[in-house]
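Subject: Structure handover

Hello,

The structure you asked about is below, with notes on what was found in it. Please read the notes with the structure open.

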Amino acid sequence: QQAQLWHTILQRKPGEAGEPMVKPEAGDRRFHAPEWAESPIYDYLRQAYLLNADYLKKVAEAMPIADGPVKTRMQFLTRQFVDAMAPSNFAATNPEFVKTALETNGESITEGIKNMLADLDKGRISMTDEGAFEIGRNIATTPGAVVFENDLMQLIQYTPSTDQVFERPILLVPPCINKYYLMDLQPENSFVRYIVEQGFTVFLISWRSATEEQGHRTWDDYLEMGPIKALTLVREITGAPKPNVLGFCIGGPILCSSLGVLNARGEDPVESLTLMTSLLDYSEPGEIGALVTEGTVSAYEASIGKGGVLHGRDLASVFSSLRANDLIWQYVVGNYLKGKKPEPFDLLYWNSDSTNLPGPCFTWYLRNLYLGNSLRVPGKLEILGVKVDLHKIKVPSYLMAAREDHIVPWHGAYLSRKVLGGPTTFVLAASGHIAGSINPVSKNRRNYWVNDSDKVLTSDEWVAGATERKGSWWSHWTEWLGQRSGKKVAPPKNPGNATYTEIEPAPGRYVKARA
């Protein structure tokens with residue numbers, strides 16, 4: 001193929017644009033600029049690279065390695081190398097760099113160096129114009145109040161916006177590895193605002209980014225001081241004995257572990273459970289699972305397992321590497337080679353606003369869930385002094401997954417249907433981990449799939465019989481939730497109650513702290 005490519009390039013007449021022998025994969029925009037095709041030199045560079053990249057990926061796929069995770073790690077590392085060596089990433093082999101430098105009389109090179117030095121000072125690559133956003137000003141603006149706080153979280157109660165509200169409130173448990181405001185971005189794409197506007201009384205946990213003072217906190221602490229404490233407060237404030245609850249990403253296993261503890265204590269704490277892109281059974285954890293090895297976990301345990309902090313930037317770099325071309329190299333090219341400033345984008349502002357985690361909590365999570373896959377096994381884990389059995393969670397559950405999710409593969413999320421003990425409704429959204437979850441009804445974009453079959457299905461059988469619906473899964477979910485939220489009543493006049501009054505307006509201090 002390389003010989004054929006070389007021959008094809010040599011046969012091209014001057015000024016003639018030839019049909020490329022090798023084309024990028026769908027969605028790969030690194031070589032779309034016309035400059036790559038206009039010059040036979042650059043055209044050869046890109047096509048030779050694509051041939052080599054495809055060959056190396058096939059080698060990694062064909063390697064006779066029986067161990068699935070080992071093979072996945074080989075494929076992951078091969079992809080990192082292949083993506084990094086693209087000719088588009090280097091000044092000498094990127095015609096767009098040359099053209100931009102000539103057009104700007106070298107100003108793009110100066111600006112690119114400035115951008116690189118600024119990012120070196122920040123310790124991360126800029127993905128968006130961070131000056132365009134401010135928490136509480138144009139993101140995380142849904143009105144509400146912090147009504148409680150402890151060392152790990154603030155509890156926010158949002159202000160009703162309807163004349164009547166459902167009598168049963170809902171508690172949202174976001175992931176502790178990110179800031180909560182992914183669920184409350186700008187008003188037009190805020191999940192929290194949408195729920196409030198549908199007449200629900202909404203409470204939300206805002207996790208604290210761990211400092212050295214929180215470096216000793218454990219998984220047990222996150223449960224006791226997080227969802228378990230929050231559920232007690234929600235019941236006391238609203239008078240509703242059994243709220244609805246939702247867990248997002250790692251907030252799902254944190255929430256379900258908490259419910260398992262409460263069930264073991266003899267409590268029946270909630271009316272319904274919703275999980276968004278969460279794993280309870282880690283049999284199919286995707287590439288992240290393949291990267292979590294005994295060696296890496298032992299190293300983390302030795303360094304921060306007894307106390308210390310996992311810095312958010314380190315975790316963010318791992319997630320970015322899963323989609324390196326989208327989340328690393330396009331910004332290397334745009335920011336440094338072309339000297340451009342990235343465009344304002346609220347999702348990427350959130351993505352850059354990482355949080356720190358206490359080492360003991362993080363290492364327990366890796367060892368017991370990713371490595372041991374123990375949460376799915378009834379009675380295997382002892383948490384807060386009791387044996388946890390998630391099959392005893394008998395309430396109706398709504399399980400949402402995303403079809404192209406690279407962090408929580410949807411086949412893995414589907415396995416939660418076998419872990420939980422109650423009736424489950426599974427919904428599959430289009431797109432990935434973030435765009436599939438945060439898909440506003442107002443924009444009516446994308447689609448989702450439902451399957452009402454009563455049979456016990458595998459994930460492949462489920463999707464084969466699923467019906468596609470246009471728009472956002474949000475409306476489907478709020479209809480489901482409304483059926484489990486009781487009658488409509490007058491909204492509360494003030495947040496909290498006589499004991500728990502407003503500490504400060506939402507979004508609160510914890511979410512504004514930078515890691």
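Cysteines

Cys 249 counts as buried, at 11% relative accessibility; buried means under 20% relative accessible area, exposed over 50%, and partly exposed in between (1.4 Å probe, protein chains only). The model is a predicted one, so local features need pLDDT of at least 70 and side-chain atom pairs count only at pLDDT 80 or more, while totals for chains, interfaces and linings use all residues. Residues are numbered from 1 along each chain as its sequence is written, and side-chain values use heavy atoms, with hydrogens and water left out.

The structure holds zero disulfides, a disulfide being a pair of cysteine sulfur atoms within 2.5 Å. Cys 249 is thus in none, and the nearest cysteine sulfur, that of Cys 176, is 8.9 Å away. Cys 361 is buried too, at 5% relative accessibility.

Salt bridges

A salt bridge here is a side-chain nitrogen of Lys or Arg within 4 Å of a carboxyl oxygen of Asp or Glu. By this rule there are 32 salt bridges.

One of them joins Asp 43 to Arg 12, with N to O at 2.3 Å. This pair links distant parts of the chain, 31 residues apart: Asp 43 is in helix H3 (residues 40–62), and Arg 12 is in the loop between helix H1 (2–11) and helix H2 (35–38). Helices (H or I, at least four residues) and strands (E, at least two) are DSSP runs, numbered from the N terminus. Asp 43 is buried at 1% relative accessibility, and Arg 12 is buried at 14%.

Glu 103 and Lys 99 form another, at 4.0 Å from N to O. Both lie in helix H5 (residues 95–103), four residues apart, or about one turn of the helix. Glu 103 is exposed, with a relative accessible area of 57%, whereas Lys 99 is partly exposed at 37%.

Arg 509 forms a salt bridge with Glu 149, and their closest N and O atoms are 2.9 Å apart. Arg 509 lies in the segment after strand E17 (504–505) and Glu 149 in strand E1 (residues 144–149), so the pair ties together parts that are 360 residues apart in sequence. Both count as partly exposed, Arg 509 at 41% relative accessibility and Glu 149 at 27%.

Asp 119, Lys 122, Arg 124 and Glu 130 are linked in a salt-bridge network.

Strand E13

Five of the six residues of strand E13 (residues 424–429) are buried. Strands pair if DSSP finds at least two bridges between them. Strand E12 (residues 397–402) runs parallel to E13 and is joined to it by six bridges; Met 400 has Val 427 of E13 as its bridge partner. Strand E14 (residues 447–450) pairs with E13 in the antiparallel sense over three bridges, and Val 450 in E14 stands opposite Val 427.

Nonpolar cores

A nonpolar core is a set of buried Ala, Val, Leu, Ile, Met, Phe, Trp, Tyr and Cys residues joined through side-chain atoms within 4.5 Å. The largest has 77 residues, of which Leu 155, Leu 171, Leu 273 and Trp 462 touch the most other members. Helix H8 (residues 219–238) supplies the largest share of this core, 10 residues. A second, separate core of 45 residues includes Tyr 181, Tyr 448, Trp 473 and Leu 481.
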